[in-house]
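Me: I am new to this structure and would like to know what lies behind the terms used for it. Please go through them with me.

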Amino acid sequence: MTDMAIEDAVAQTMVASRARALNAFKFGDATFYWMTRIAAICVLLILGGIIAYLIVGAWPALTTYGLNFLSTQRWAPELDPPVLGGLAPIYGTLLTSAIALLIAVPVGLGVAVFLTELCPQWLRRPIGIAVELLAGIPSIIYGMWGFFVLGPALANTIEPAIVSFFARVPVLNVIFAGPTSNQSIFNASLILAIMVLPFITAIARDVFLTVPPVLKEAAYGVGCTTWEVVRSVMVPYTRVGLIGGIMLALGRALGETMAVTFVIGNAFRVQASIFAPGTTISAAIASEFAESADLYQSALILLGLLLFVLTFFVLAAARLMLMQLRRRAGG
Amino acid sequence: MLFRTLTRAALAAVAVATVSVGAQAANINGAGATFPFPIYSKWADAYKKETGTGLIYQSIGSGAGIKQIQSKTVTFGATDIPQSPDDLKKWGMVQWPMVMGGIVAVVNIDGVKPGDLVLDGSTLADIFLGKIKTWDDPAIAKLNGSLKLPSAAIAVVHRADGSGTSFNFTNYLSKASEEWGSKIKFAATVEWPVGVGAKGNEGVAGNVAQTKNSIGYVEYAYAKQNKLTYADMINKAGKKVSPTLAAFQAAAANAKWDPAQNFYMILSDQPGDESWPMTAATFILMYKEPQDKAASADAIKFFDWAFKKGGKMAEELDYIPIPDSVVTLIESMWNSDIMNK
């Protein structure tokens with residue numbers, strides 16, 4: 001009797017403590033659920049807050065200049081009322097990013113193909129790590145290198161050679177025209193290309209490694225060259241990932257600030273020659289925001305809003321392209 | 001170059017920080033121009049040792065300093081750009097010059113040493129307008145006689161950020177050149193027709209040091225520290241002058257400071273045989289009827305001490321103290337205009 005009573009009591013306490021323990025878990029679960037949910041909502045609130053701030057801040061400039069802001073090249077904050085147009089920084093942002101991708105995409109894919117297909121095994125790790133380290137270098141270091149080393153080298157030796165080489169070729173003699181400058185659109189584009197190269201290479205290498213060896217071996221088996229395997233098997237198989245990597249690179253190139261401010265020359269002019277100084281949206285904001293006020297500051301915030309919209313559309317376009325590709329490929 | 005500036009700024013910041021730790025409510029608060037930050041910090045350090053009262057100065061730029069004093073978050077604002085008597089009257093503020101500096105044109109041409117090159121205002125303006133494109137232009141040759149200059153293109157370097165230095169430099173150009181005065185005018189930021197923009201005095205100095213055949217403009221201290229080649233100038237009196245403390249002081253002495261105009265004075269292109277044409281003052285703004293009278297009185301005590309004992313320290317850092325005759329005018333303005341009691 002006594003034994004049973006003891007066992008009962010023990011069982012009951014066990015049930016009770018089990019329920020308590022479970023309750024404690026329930027509380028923990030709920031806390032965790034709400035903490036993650038609040039964190040997720042915070043992200044949305046912060047994003048919404050930033051957009052709201054940009055629109056409110058840009059409103060005076062938006063109502064004053066309207067669409068003319070996009071087509072006006074003059075940037076004269078000292079006038080009363082100030083004449084402010086975003087054409088030069090928008091042009092500079094798009095042009096530097098475009099040239100950067102034009103250089104970085106072929107080189108980046110080339111490095112990735114070399115690493116996955118052609119490179120001897122012992123060399124793969126050192127080159128792979130070197131490329132990854134390139135991605136870890138702070139942008140200010142690129143800026144300093146571009147300012148002290150690349151800029152003078154370009155302006156004093158490489159660019160004059162290109163200018164005289166194309167001097168008699170129509171169109172090209174306008175794009176590659178002197179006088180050369182230590183800080184230029186081209187210098188900024190090169191720095192950007194080097195900065196986004198590791199993104200493209202790292203992602204391309206990773207997706208190339210996902211290509212089933214059987215596909216490649218089959219292609220080699222029917223007599224394909226390495227180039228044909230890359231072009232007809234690897235790139236089609238991995239295009240989704242490749243485009244994702246390139247868009248990520250484009251996003252970084254569009255918004256890069258410090259390195260570009262060092263090497264682009266901060267000149268509010270639209271010039272055909274890529275060896276001339278220019279400016280970008282982020283460089284303009286970085287160098288002028290601190291001392292700006294009123295309408296002038298509002299115009300700088302409007303530039304920021306435009307950059308935000310531009311980056312948003314690039315990412316959205318990338319998403320859309322990826323979705324279509326996936327649908328066409330059948331899932 | 002960058003390092004020295006950074007170290008100096010860091011040391012100054014540390015100095016201000018240490019000052020702020022020890023003192024209780026007695027700190028003086030100010031904000032504004034970056035150009036006088038090193039000397040204000042040095043004064044603050046010495047003043048703290050002598051009196052126990054500290055100074056917290058936020059070096060955030062002239063425009064931002066004016067905003068801070070308008071919103072009354074600081075006791076005084078500092079600006080390189082003098083404010084007009086009308087604006088000051090509207091705001092209920094007084095203004096006076098605190099310290100001065102010289103602006104010099106700096107060049108990087110092979111074989112040209114400091115003071116070899118001579119320029120005048122209209123030639124300088126034509127270079128910055130892009131009308132004079134090469135160093136062997138006849139207009140430059142005429143001023144330089146036997147000096148051999150290359151036929152290379154001139155690389156113009158200007159400030160990318162809004163700045164009191166640009167304000168005073170463009171003011172001189174608009175006085176010296178009619179075309180500059182009508183087309184570009186003068187301001188903290190202007191629509192530069194040619195050249196590349198660099199951030200801060202140190203940015204322009206670094207850019208000129210890097211770029212062959214370039215020209216830029218910086219506060220004298222930066223040219224001296226970075227051992228840049230400065231150009232001598234032909235001043236308003238038609239005399240050739242070199243950038244020296246004496247020439248800057250001559251410009252300041254020739255200037256007619258008028259307390260009735262709130263000492264509104266742009267020191268460029270002053271008359272006098274010895275005057276350096278690109279001299280600039282940096283100003284202090286304070287309320288006539290301050291909310292916190294005790295804080296205002298403390299600030300005035302500090303400025304009085306700086307005028308009386310800070311001159312030597314200013315010269316050590318390549319600043320030019322305000323002449324005694326002007327200090328007398330400023331102090332009588334304090335007594336009559338600022339109501340600290």
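This is a predicted model: local features need pLDDT of at least 70, side-chain atom pairs count only at pLDDT 80 or more; totals for chains, interfaces and linings use all residues.

Me: Why is the pair E191(B) and R74(A) called a salt bridge?

Reply: A salt bridge is a side-chain nitrogen of Lys or Arg within 4 Å of a carboxyl oxygen of Asp or Glu. The closest N and O atoms of E191(B) and R74(A) are 2.7 Å apart, so the pair meets the rule. The rule finds 1 salt bridge across the interface of chain B and chain A.

Me: What makes up the area that chain B and chain A bury between them?

Reply: Buried area is the accessible area (1.4 Å probe) that two parts lose on being put together, summed over both. For chain B and chain A this comes to about 2000 Å², 48% of it on carbon and sulfur atoms. In chain B, T189(B), E191(B) and Q210(B) lose the most area to chain A, together 27% of what that side buries.

Me: How do you know that domain 1 of chain A and domain 2 of chain A are in contact?

Reply: Contact means heavy atoms within 4.5 Å, and by that rule 14 residues of domain 1 of chain A are in contact with 12 residues of domain 2 of chain A. The domain bounds, 3-65 and 71-330, come from an automatic or database domain assignment.

Methods: Residues are numbered from 1 along each chain as its sequence is written. Chains are lettered from A and ligands numbered from 1 in the order in which they are written. Side-chain values use heavy atoms; hydrogens and water are left out.
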